[in-house]
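Trainee: Please show me the structure, and let us then discuss its side-chain pairs.

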Amino acid sequence: MVQKVVIAPSADGKTAELIIHGRLAAILAAQEAWREVSRELRSEQSAEFDRRRSAGEFKSLADKTKFLRRCEALLAERGQEWMLLQMSVVAGAGFEPAAFRL
């Protein structure tokens with residue numbers, strides 16, 4: 001899961017940066033990528049909703065609700081694809097003393 005962890009001072013000199021190498025890094029990167037894709041998808045759907053509303057394409061509250069439910073379904077569908085990349089990681093007993101030489 002983790003090949004190595006590099007600890008270095010941050011650019012501001014007040015905190016430290018941890019750089020993780022290994023599969024865990026890939027998992028974390030995939031989760032961040034999903035957050036970005038999700039934000040973009042929500043933004044696109046919001047812009048489309050505004051465009052359709054301004055154009056008078058929604059004739060009733062039911063039309064608006066149908067559009068919003070379709071957007072929710074699309075986001076849920078895409079989310080399920082990304083969920084396949086996630087996994088749980090649990091540190092065993094005594095992890096902290098061994099990992100941090102305590």
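Mentor: Arg53 has a relative accessible area of 44%, so it counts as partly exposed; that class lies between buried, under 20%, and exposed, over 50% (1.4 Å probe, protein chains only). This is a predicted model, in which local features need pLDDT of at least 70 and side-chain atom pairs pLDDT 80 or more, while totals for chains, interfaces and linings use all residues. Residues are numbered from 1 along each chain as its sequence is written, and side-chain values use heavy atoms, without hydrogens and water.

Trainee: Which residue meets Arg53 in a salt bridge?

Mentor: A salt bridge is a side-chain nitrogen of Lys or Arg within 4 Å of a carboxyl oxygen of Asp or Glu. With an N to O distance of 3.3 Å, the partner of Arg53 is Asp50.

Trainee: Is Asp50 buried or partly exposed?

Mentor: The relative accessible area of Asp50 is 34%, so this residue is partly exposed.

Trainee: Which residues do salt bridges with shared partners join into one network?

Mentor: Glu32 pairs with Arg35, their closest N and O atoms being 2.9 Å apart. Another salt bridge, at 2.8 Å from N to O, links Glu36 and Arg39. Through shared partners, the network consists of Glu32, Arg35, Glu36 and Arg39.

Trainee: How many salt bridges are found in the whole structure?

Mentor: The pairs discussed include Glu32 with Arg35 and Asp50 with Arg53. A search of the whole structure gives a total of eight.
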